[in-house]
Amino acid sequence: MRSSQWWLASMTLALLFPAAPASGQAGGAGQGDTGTTHLVWMDATVLLPTEVSLPTDYDSTKSYPLVVALHGIGGTPAGMMRLAPLFTSSGIIYAVPQGSYAFWARDRIGYSWNLAQIGSGAPDPEATAWSLKYIADIARGLARQFHTEEVYLFGFSQGGAFTLMAGLNHPEIFTGLIAFAGGMNPRWYAPGVLERGRRIRAYIAHSPEDEAVAYEVSILARDALEALDYDVTFNAYEGGHVLRPELVSDAIAWLREGSQRPK
């Protein structure tokens with residue numbers, strides 16, 4: 001297994017400014033106000049890394065399936081990269097981007113695909129839209145670089161929800177979607193979006209024992225897609241909010257089965 005890093009521009013920046021003075025209070029930034037600070041969010045182009053692992057016997061003259069994997073909220077690329085050998089040993093290029101938005105997750109820096117964890121005042125719809133574009137750009141760029149037309153999106157927890165959102169909004173890019181403990185709400189999608197993506201295969205997996213993300217959100221995703229004639233495989237597994245290697249191996253077997261179908 002060979003690994004490398006791939007960089008892509010994204011938009012995210014938080015600026016710290018002194019809090020605005022209370023009504024009727026004189027002063028402000030630069031006028032002696034030493035009050036608490038608050039976040040002001042600005043668009044800014046930055047380069048964010050994506051870690052890429054190639055199959056052991058990678059041959060640049062051949063085409064391989066590509067899987068782009070999205071970590072959960074507070075996660076890191078390193079966590080998802082532990083699964084890389086499962087993919088690369090199956091002849092799959094495996095790529096893990098870093099979530100767009102960093103925050104302090106307990107005792108370390110973690111990453112998110114939106115700003116829901118920041119609380120009120122964060123521009124979450126805009127942040128989500130930027131992440132969806134960022135994920136699509138990563139997939140397009142890597143598919144072009146590695147000459148593949150077979151691109152899958154794979155995610156766990158928040159990454160599972162963004163797998164469905166990004167994939168269903170960009171059916172021109174993705175062959176299939178693998179969403180663990182993610183789920184969806186049809187109201188998240190503009191009119192006509194879900195109808196456009198019917199050719200995409202979907203593998204949705206969730207544990208009924210999950211106490212972090214409600215099992216029902218994946219049931220809703222399954223039912224909504226099946227009602228629109230999507231090819232959906234659903235796996236209800238035991239163990240709660242976990243992503244065990246054997247569960248991922250089942251999803252890889254599903255991917256390889258579809259990959260071998262006549263096009």
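User: What makes R201 and D231 a salt bridge?

Analyst: The distance does. The closest N and O atoms of R201 and D231 are 4.0 Å apart. A salt bridge needs a side-chain nitrogen of Lys or Arg within 4 Å of a carboxyl oxygen of Asp or Glu, so this pair counts. R201 sits in strand β11 (residues 201–206) and D231 in strand β12 (residues 231–236), so the bridge ties together parts that are 30 residues apart in sequence. Helices (H or I, at least four residues) and strands (E, at least two) are DSSP runs, numbered from the N terminus.

User: What kind of model is this?

Analyst: The model is predicted: local features need pLDDT of at least 70, side-chain atom pairs count only at pLDDT 80 or more, and totals for chains, interfaces and linings use all residues. Residues are numbered from 1 along each chain as its sequence is written, and side-chain values use heavy atoms, with hydrogens and water left out.

User: How many salt bridges does the structure hold?

Analyst: There are six. One of them pairs K133 with D137, whose closest N and O atoms are 2.8 Å apart. Both residues lie in helix α3 (residues 124–145), four residues apart, about one turn of the helix. K133 is partly exposed at 42%. D137, at 22%, is also partly exposed.

Another bridge joins E246 to R244, with the closest N and O atoms 2.6 Å apart. E246 is partly exposed at 43%, and R244 is partly exposed at 29%. Salt bridges with shared partners also link K133, D137, R140 and E172 into one network.

User: How do you know that β7 and β8 pair?

Analyst: Count the bridges. Strands pair if DSSP finds at least two bridges between them. Five join β7 (residues 101–105) to β8 (residues 108–112), so the two strands pair, and they run antiparallel. W104 stands opposite I109 in β8.

User: What makes R106 stand out by its phi?

Analyst: Most residues other than glycine have a negative phi. R106 has a positive phi, near 60°. R106 is in the loop between β7 and β8, a hairpin with two residues between the strands. R106 is exposed, at 81% relative accessibility.

D229 has a positive phi too, near 70°. D229 lies in the loop between α6 (215–227) and β12. At 63% relative accessibility, D229 is exposed.

User: Why is L177 called buried, and what is L177 in contact with?

Analyst: L177 has a relative accessible area of 1%, so L177 counts as buried. L177 is in strand β10 (residues 176–180). Contact means heavy atoms within 4.5 Å. Leaving aside neighbours within four places in sequence, the contacts of L177 include Y152, L164, I200, R201 and W254. L177 and L255 are 78 residues apart in sequence, with their C-alpha atoms 9.2 Å apart in space.

User: Is Q158 buried or exposed?

Analyst: Q158 has 13% relative accessibility, so Q158 counts as buried. Q158 belongs to helix α4 (residues 158–169). With neighbours within four places set aside, Q158 is in contact with H71, G72, I73, S112, W113 and N114.

User: What makes a space a pocket, and how much lies in the largest pocket?

Analyst: On a 1 Å grid over the protein atoms alone, a pocket is an open set of points where a 1.4 Å probe fits, with protein on both sides within 12 Å along at least five of seven lines; lining residues have an atom within 4 Å of a point. The largest pocket holds about 510 Å³. Of its 18 lining residues, the closest to the centre are G72, I73, G74, G75 and R108. The lining divides into six nonpolar, eight polar and four charged residues. Gly counts as polar and Arg as charged.

User: What is the secondary structure of the protein chain, and what share of residues is buried?

Analyst: The chain has seven helices and twelve strands. Of its 263 residues, 51% count as buried. Residues 24 or more positions apart make up 73% of the contacts with a separation of 6 or more.

Technical notes:
Grid points are joined across faces, edges and corners, and a volume is the space filled by probe spheres set on the points. Buried means under 20% relative accessible area, exposed over 50%, partly exposed in between (1.4 Å probe, protein chains only).
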